[in-house]
Amino acid sequence: MNNLAVASSRPREQLRVVRYRHTWIMAFLYIGTFGSFIGFSAAMPLLIKINFFNQPTPDVVGIGINVASFAFLGALVGSITRPFGGWLADRFGGARVTVASFALMTIGTLAVLTTLTRLTPVPKVDPTTVDPATFTYPDAVRSAVESNEQVFWFFLAAFLFVFAASGMGNGSTYRMIPIIWKVRAEGAGPEGSPERGAALVQATREASAVLGIVGAIGAIGGFLIPMTFGAPWIDDPVAAVRSAFAVFAGFYVVCLLVTWAVYLRPGSAMSRARV
């Protein structure tokens, strides 16, 4: 129980970490990992409904893929792979695993985009002309929905691949934060010096604060991702989904490059410490 003084910190000490560039770099990266995880968890049911389900009015029985049967799978896969990402980070270094995660997320996102480009456009049915008592789906609508059902399984596999990679990235990025602050503290003085000892104590407090701030900022992805194609002002959600996934893939490439440049660049202190 003699470590409680080290574990505690004042609000002013916690807010101090917003001045450090590593706080914002890690927050940016965590938007890519955790933000993608919770964003896609919220977006996956909507994506299935937009692309693989058809129901002109609520009073008509829909056709296509039942969203409820698959909506939970993404969150399940990402949750399972998160501790695996942490284990890999302990063994090989968090930055290396994070780079690998962003690379895999880019590949998976492009695979999802590829499946979306192979969908058959479904003819629209005017809801004002639908009588629930007598309505039957036109042959063209039924044929397009059935054709898209064949694509769905490739879409699902690619999407779960993205979830698995994002879960790994969640674990690896969280592992990076205390190591980064430890490396910064070790530069305060030679080993065993009072300056280094005090800096390490302070680093422990600050790393805890950074974890909270980074987690809060990363959660922005849970709002941004569904809004890219589910916002009420979007007229063509199907086209918006394709554009959004192209942007996501580009964002993951940027995250990969930032991780490498800051934490894996040969010769840097962070690289030598295997952050």
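Student: So what share of the contacts between residues at least 6 apart join residues at least 24 apart in sequence?
Tutor: It's 83% of them. Keep in mind that this is a predicted model.

Student: Okay, and how many helices and strands are there?
Tutor: The protein has 10 helices and two strands. Going from the N terminus, the order is α-α-α-β-β-α-α-α-α-α-α-α.

Student: What box do the C-alpha atoms fill?
Tutor: Roughly 85 × 35 × 30 Å, taken along the principal axes.

Student: And what percentage of the residues count as buried?
Tutor: 45% of the 275 residues.

Student: Let's do aromatics. How many aromatic pairs are there?
Tutor: The count comes to 23 aromatic pairs. Take Phe40 and Phe159: their ring centres are 5.2 Å apart and the planes sit at 85°, so this pair is edge-to-face.

Student: Why does that angle make the pair edge-to-face?
Tutor: Because planes over 60 degrees apart count as edge-to-face, and the planes of Phe40 and Phe159 are at 85°.

Student: Where do Phe40 and Phe159 lie?
Tutor: Phe40 is in helix α3 (residues 21–52) and Phe159 is in helix α6 (residues 139–186), so the pair ties together parts 119 residues apart in sequence.

Student: Is Phe40 buried or exposed? And what about Phe159, buried or exposed?
Tutor: Phe40 is buried, with a relative accessible area of 1%. Phe159 is buried as well, at 0%.

Student: How accessible are Phe70 and Trp153?
Tutor: Phe70 has a relative accessible area of 14% and is buried. Trp153 is at 48%, which counts as partly exposed.

Student: Which residues form the aromatic cluster?
Tutor: Phe40, Phe70, Trp153 and Phe159 are among them, and the cluster also includes Phe37, Phe163 and Phe248.

Student: Switching topic: what does Gly74 touch?
Tutor: Not counting residues up to four places away in sequence, Gly74 touches Phe37, Met44, Leu160 and Phe163. Gly74 is in helix α4 and counts as buried, at 0% relative accessibility.

Student: And how far is Gly74 from Val238?
Tutor: Their C-alpha atoms are separated by 20 Å, and the two are 164 residues apart along the chain.

Student: Now the helices near the end. What angle do α8 and α9 make?
Tutor: Helix α8 (residues 221–230) and helix α9 (residues 237–264) pack at about 140°, with their axes 7 Å apart. That makes α8 oblique to α9.

Student: What's going on with Thr98, is Thr98 buried or exposed?
Tutor: Thr98 is buried, at 0% relative accessibility. Thr98 is found in helix α5, and a polar contact of 2.8 Å joins the side chains of Thr98 and Ser172. Leaving aside neighbours within four places in sequence, Thr98 is also in contact with residues including Thr173, Met176 and Thr259.

Student: And Arg96, what does Arg96 contact?
Tutor: Leu264 and Arg274, again leaving aside neighbours within four places in sequence. Arg96 is in helix α5 (residues 94–117) and is partly exposed, with a relative accessible area of 48%.

Student: Last one: where is Arg274, and what is the phi of Arg274?
Tutor: Arg274 lies in the segment after α10 (269–272). Its phi is near 55°, a positive value in a residue other than glycine. Arg274 is partly exposed, with a relative accessible area of 40%.

Methods:
Residues are numbered from 1 along each chain as its sequence is written. This is a predicted model: local features need pLDDT of at least 70, side-chain atom pairs count only at pLDDT 80 or more; totals for chains, interfaces and linings use all residues. Side-chain values use heavy atoms; hydrogens and water are left out. Axes are lines fitted to C-alpha atoms, for helices over the stretch in contact, and angles run from 0 to 180 degrees between N-to-C directions. Helices (H or I, at least four residues) and strands (E, at least two) are DSSP runs, numbered from the N terminus. Angles under 35 degrees count as roughly parallel, over 145 as roughly antiparallel, 65 to 115 as roughly perpendicular and the rest as oblique. Buried means under 20% relative accessible area, exposed over 50%, partly exposed in between (1.4 Å probe, protein chains only). Contact means heavy atoms within 4.5 Å. A polar contact is a pair of N or O atoms within 3.5 Å; within protein, one must be able to donate a hydrogen and the other to accept it, and residues adjacent in sequence count only if both atoms are side-chain atoms. Rings of Phe, Tyr and Trp (its six-membered ring) pair if their centres lie within 6.5 Å; planes under 30 degrees apart count as stacked, over 60 as edge-to-face and the rest as tilted.
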